[in-house]
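Visitor: I have a model open and would like to talk it through with you. Could we go through it piece by piece?

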Amino acid sequence: MPLVSMRQLLDEAAKGGYGVGAFNVNDMEQIQAIMGAAVETKSPVIIQASRGARSFAQDRYLFHLILAASELHPEIPIAMHQDHGNSFETCKSAIELGFTSVMMDGSLKEDGKTPASFEENVEVTRRVVEYAHPRGVTVEGEIGVLGGVEDGHGAGGSGLDHVTDPDQAVEFAERTGVDALAIAIGTSHGAYKFTRPPTGDILAIQRVKEIHARIPNTHLVMHGSSSVPQEWLQIINNYGGDMGQTYGVPVEEIVEGIKNGVRKVNIDTDLRMASTGAIRKHLVENTSNFDPRKYYKAAEDAMKEICKARYEAFGAAGMASKIKATSLEKMAGKYAKHELDPKVK
Ligand SMILES: [Zn+2]
């Protein structure tokens with residue numbers, strides 16, 4: 001199957017009432033772990049690259065690694081997504097490279113730190129939509145400001161500082177025509193989300209429900225949704241690491257979000273922790289080993305287990321075979337006929 005648009009994957013997820021995992025990648029081992037788990041569970045997947053990843057791996061390496069994944073596993077629908085584009089130019093360069101989806105994060109200014117005004121956000125996001133949709137490419141926007149910082153991107157602070165306002169979400173969807181919208185509901189980027197074990201209602205799930213009811217075909221996205229597995233935190237620290245105590249978003253809370261309209265769930269930290277923990281453990285237990293393949297393999301296996309658990313929890317397992325690829329040309333035709341415009345209630 002060729003790479004598909006993210007819009008198609010999220011439309012399918014909405015029909016089936018499940019969530020699609022969106023995993024950040026920087027290298028081959030991560031892509032192989034994500035794909036290995038997708039193949040075993042027969043799940044559609046969004047593979048995403050941040051600006052940091054694109055510069056770390058160099059664009060074309062990353063692009064061809066993801067293409068290799070789609071060649072090797074034609075039965076798995078894959079969307080290739082730019083995570084947190086900070087400007088029109090970043091999104092345009094991703095589309096030119098062959099990404100099938102981009103995020104224009106206009107909630108922050110181009111520096112990726114300073115909150116932008118609502119009007120600035122609408123303007124830059126609409127410009128990206130006008131460029132992307134005639135090419136069949138999906139656009140995700142963001143309103144409200146997420147807490148935390150990851151890959152040098154983020155406003156910092158707590159996730160509950162700027163929860164997304166439903167009226168603004170509606171106005172934003174109408175004026176920009178985005179396909180998907182990242183909303184702030186209490187999550188933060190990075191590993192340090194909560195200092196105490198989260199109990200009960202840590203996310204503004206009611207807010208998800210309200211926004212979903214008003215813009216039902218604009219797919220909601222949960223950023224900062226790593227669960228920060230405590231077992232991997234322990235392994236990292238038991239094998240010479242020094243990560244502070246921290247807690248993530250429990251998988252059950254994410255599942256609650258999916259029940260209320262979340263369709264894309266972003267995960268990065270969990271795979272970082274699993275690979276770091278697995279490599280630390282391998283090197284301590286195998287002091288004579290100097291073959292990187294052995295510890296890369298340990299890292300890959302650890303990441304793969306997390307991916308499998310997430311596909312299953314989000315309800316995406318078994319859904320890959322229900323999806324027949326719609327070409328980007330065909331998607332462009334649907335946009336031109338206004339079939340995919342936001343439906344506002
Ligand atoms: Zn994010």
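This is a predicted model: local features need pLDDT of at least 70, side-chain atom pairs count only at pLDDT 80 or more; totals for chains, interfaces and linings use all residues.

Visitor: Where does Ala13 lie, and what does Ala13 touch?

Guide: Ala13 lies in helix H1, and, not counting residues up to four places away in sequence, Ala13 touches Tyr18, Val20 and Arg263. As for distances, Ala13 and Pro115 are 102 residues apart in sequence, and their C-alpha atoms are 31 Å apart in space.

Visitor: And Gln8, which helix is that in?

Guide: Gln8 lies in helix H1, which covers residues 6-16, and at a relative accessibility of 6% Gln8 counts as buried. If residues up to four places away in sequence are left out, Gln8 touches Ile323, Lys324, Ala325, Thr326 and Met331.

Visitor: Stepping back, how many helices and strands does the protein have?

Guide: The secondary structure comes to 13 helices and eight strands. The radius of gyration is 19 Å, close to the 20 Å that the globule rule gives for 345 residues, so the protein is as compact as a globular protein of that length. Along its principal axes, the C-alpha trace spans about 60 × 45 × 35 Å.

Visitor: Now the metal. Which residues are the protein donors of the zinc ion?

Guide: The protein donors are His84 and His189, each through NE2, and His223 through ND1, and they lie 2.0 to 2.1 Å from the zinc ion. Their spacing in sequence is H-x104-H-x33-H. His84 lies in strand E3 (residues 78-85) and His223 in the loop between strand E7 (219-222) and helix H9 (230-238), so this pair ties together parts that are 139 residues apart in sequence.

Visitor: Are His84 and His223 buried or exposed?

Guide: Both His84 and His223 are buried.

Visitor: What is the phi of Gln58, and where is Gln58 placed?

Guide: Gln58 has a phi near 70 degrees, again a positive value in a residue other than glycine, and its place is in the loop between helix H3 (51-57) and helix H4 (59-72). At 49% relative accessibility, Gln58 counts as partly exposed.

Visitor: Switching to Asn24, what does Asn24 touch?

Guide: Not counting residues up to four places away in sequence, Asn24 touches Gln30, Ile34, Gln48, Ser50, Asp83, Ile267 and Asp268. Asn24 is placed in strand E1 (residues 20-24) and counts as buried at 6% relative accessibility. Asn24 and Ala14 are ten residues apart in sequence, with 22 Å between their C-alpha atoms.

Visitor: And Pro250, where is that one?

Guide: Pro250 is in the loop between H9 and helix H10 (251-259). Leaving aside its neighbours within four places in sequence, Pro250 is in contact with Pro198, Ile202 and Ser227; the C-alpha atoms of Pro250 and Ile202, 48 residues apart along the chain, are separated by 9.4 Å.

Visitor: Last one: which residues does Lys343 touch?

Guide: Lys343, in the segment after helix H13 (328-336), touches Arg214, Ile215, Pro216 and Asn217, not counting residues up to four places away in sequence. The C-alpha atoms of Lys343 and Gly98, 245 residues apart along the chain, are separated by 28 Å.

Key
Residues are numbered from 1 along each chain as its sequence is written. Side-chain values use heavy atoms; hydrogens and water are left out. Helices (H or I, at least four residues) and strands (E, at least two) are DSSP runs, numbered from the N terminus. The radius of gyration is taken over C-alpha atoms; the globule rule is 2.2 Å times the number of residues to the power 0.38. Donors are N, O and S atoms within 2.8 Å of the metal (3.2 Å for Na, K and Ca); water is not among the atoms, so sites may look incomplete. Buried means under 20% relative accessible area, exposed over 50%, partly exposed in between (1.4 Å probe, protein chains only). Contact means heavy atoms within 4.5 Å.
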